Amino acid sequence: MKSLNKILTGIIGIALSFLAAAVLIKLQGNSPIDAYRALFNYGLASWFSLSSTLNNATPLILTGMAAAIAFSSNVVNLGEPGQLIVGALTAALLGYYLPIPGILGIFVILIISGIVGGLYGGLAGVLKKYYKMDEFITTLMLNFIADYLTLYLATYPFLDEKSYVPATHMIKREFFLPTINGINISFFIAIFMVFVSFFVVTYLKKGYEWRMMGHNYDFSKIGGCKNEENLIWVMFYTGFLSGLAGALLILGGTQHRFIKGIGANYGWDGVMLAIVGGNGVVETSVFAIFFGFLKAGGIGMEFEVSIPSEFTMVLQAIIVLLVVATRSTISYYSDKIKASLKAKRVVKSSD
């Protein structure tokens with residue numbers, strides 16, 4: 001029921017966001033109807049559009065889940081951008097140098113890249129446990145280190161000298177992830193991780209402790225949960241998801257190499273998705289596909305109505321604000337009505 005409420009309030013917030021965005025489009029002198037028609041045509045109207053939407057959603061599903069699991073565990077992991085590009089660079093280097101062939105090689109690349117992302121995320125947990133450093137600060141700072149370190153490695157030691165921009169060598173062709181009717185295999189890997197994450201959070205003892213830590217930190221500690229140890233595991237697991245997202249960008253993307261700016265805004269988009277999805281694994285993944293639709297459709301608005309594709313980023317920000325506002329408002333009045341009805345019942349029973 002809670003999941004349904006999150007999705008319903010999300011839909012209401014999205015509808016209001018589209019209305020607000022329509023006003024902005026009109027003020028720019030464009031037709032909202034033409035803009036939204038182009039958005040739909042390029043995002044959903046054909047199989048090619050739908051496959052583009054799903055391919056765009058792949059890294060968002062993983063970074064969104066990473067942020068959602070961390071936030072629901074009362075852990076502030078803002079390091080998804082850094083963990084993603086560390087995983088991406090690892091995949092790019094393994095894809096070029098790894099001697100293991102075929103599917104086994106792909107499996108090894110994905111696992112090792114995810115583990116590297118996890119270890120990078122877990123570092124913030126270790127700093128929290130042993131040095132009491134706030135993970136809010138450490139994950140942000142680790143993003144800067146990852147950004148400049150990977151750029152240095154791609155620019156000097158592992159530079160492909162034939163490339164016009166800082167970039168590593170292209171990975172071996174045998175490690176390219178194939179597509180099924182236009183949908184890259186990486187999307188199905190992301191969906192598989194949704195099921196794995198849901199199982200971990202819902203049915204495993206460790207996931208239960210994470211959730212309890214999120215509901216009430218002190219209560220879970222008194223109840224016997226090892227919160228500091230769990231924080232490291234949350235950081236590792238969510239870092240693994242972000243590192244895996246980076247690896248899939250290399251193996252299943254279009255460049256097949258690490259290139260400056262490859263992480264784009266996927267890490268920060270994941271944070272927004274977790275907020276919109278109410279920190280639920282499934283809900284966040286559903287909204288990730290919707291954001292993938294906005295990214296695919298935004299290109300259509302640029303081509304057909306001359307609205308910059310960056311406008312979709314404005315739309316995403318409006319959606320986050322209005323979805324959260326809608327959810328809070330509905331929750332506030334719902335609680336108020338329930339309290340009022342309960343008070344009336346108590347008064348009646350006492351008469």
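These are my notebook entries on a predicted model of one protein chain.

**Entry 1: domains**

I began with how the chain is divided. Domain 1 is made of residues 1–30 together with 311–329, and domain 2 runs over 31–306. I looked up the distance between their C-alpha centres and found 24 Å. Domain 1 puts 22 residues into the contact, and domain 2 puts in 22 residues.

Next I looked up the area buried between domain 1 and domain 2. The value is about 1,900 Å², with 73% of it coming from carbon and sulfur atoms. Which three residues of domain 1 supply more of its buried area than any other three? I found Phe18, Asn30 and Gln316, which supply 29% of the area that domain 1 buries against domain 2.

I then looked for charged and polar links across the interface. The rule finds 0 salt bridges between domain 1 and domain 2. Polar contacts are there, however: I noted 4 residue pairs. On the domain 1 side, the elements that give two or more residues are helix H1 (2–27) and helix H13 (311–350). That side divides into 13 nonpolar residues, 6 polar ones and 3 charged ones.

**Entry 2: Thr9**

Is Thr9 buried or exposed? Its relative accessibility is 8%, so Thr9 counts as buried, the cut-off being under 20%. I looked up its contacts, leaving aside neighbours within four places in sequence, and found Thr326, Arg327 and Ile330. I also checked Thr9 against Leu321. The two are 312 residues apart in sequence, but their C-alpha atoms are 12 Å apart in space.

**Entry 3: salt bridges**

How many salt bridges does the structure hold? The count is 6. As background, I wrote down that side chains of opposite charge can pair when their charged atoms come close. I looked at three of the bridges.

The one I took up to begin with joins Arg37 and Asp34, with the closest N and O atoms 2.9 Å apart. Both residues lie in helix H2 (residues 32–43), and they are 3 residues apart, about one turn of the helix. Arg37 is partly exposed because its relative accessibility is 47%. Asp34 is also partly exposed, at 36%.

Another bridge joins Glu135 and Lys128, at 3.3 Å from N to O. Here I noted that Glu135 is buried, with a relative accessibility of 5%, whereas Lys128 is partly exposed at 29%.

The last one I looked up joins Glu228 and Lys132, at 2.9 Å from N to O. What parts of the chain does this pair link? Glu228 is in helix H10 (residues 227–252), and Lys132 is in the loop between helix H5 (102–131) and helix H6 (135–155). The two residues are 96 residues apart, and the pair links distant parts of the chain. Glu228 is partly exposed, at 33%. Lys132 is exposed because its relative accessible area is 58%, and the cut-off for exposed is over 50%.

**Entry 4: Ser197**

I moved on to Ser197, in helix H7 (residues 185–203). Its relative accessibility is 0%, so Ser197 counts as buried. What does its side chain meet through polar atoms? I found a polar contact of 2.8 Å with the side chain of Tyr237. A polar atom of the Ser197 side chain also lies 2.8 Å from the backbone oxygen of Met193. Not counting residues up to four places away in sequence, Ser197 touches Met65, Ile69, Tyr237, Leu241 and Val281.

**Entry 5: positive phi**

I ended with backbone angles. Most residues other than glycine have a negative phi, and most peptide bonds are trans. I looked up two residues with a positive phi.

Asn181 has a phi of about 50° although it is not a glycine. Asn181 is placed in the loop between strand E1 (179–180) and strand E2 (183–184). Its relative accessible area is 60%, so Asn181 is exposed.

Ser306, likewise not a glycine, has a positive phi near 65°. I found Ser306 in the loop between helix H12 (281–305) and H13. Ser306 is exposed because its relative accessible area is 59%.

How values were computed
Residues are numbered from 1 along each chain as its sequence is written. This is a predicted model: local features need pLDDT of at least 70, side-chain atom pairs count only at pLDDT 80 or more; totals for chains, interfaces and linings use all residues. Side-chain values use heavy atoms; hydrogens and water are left out. Domain bounds come from an automatic or database domain assignment. Contact means heavy atoms within 4.5 Å. Buried area is the accessible area (1.4 Å probe) that two parts lose on being put together, summed over both. A salt bridge is a side-chain nitrogen of Lys or Arg within 4 Å of a carboxyl oxygen of Asp or Glu. A polar contact is a pair of N or O atoms within 3.5 Å; within protein, one must be able to donate a hydrogen and the other to accept it, and residues adjacent in sequence count only if both atoms are side-chain atoms. Helices (H or I, at least four residues) and strands (E, at least two) are DSSP runs, numbered from the N terminus. Ala, Val, Leu, Ile, Met, Phe, Trp, Tyr, Cys and Pro count as nonpolar, Asp, Glu, Lys and Arg as charged, and the others, Gly among them, as polar. Buried means under 20% relative accessible area, exposed over 50%, partly exposed in between (1.4 Å probe, protein chains only).
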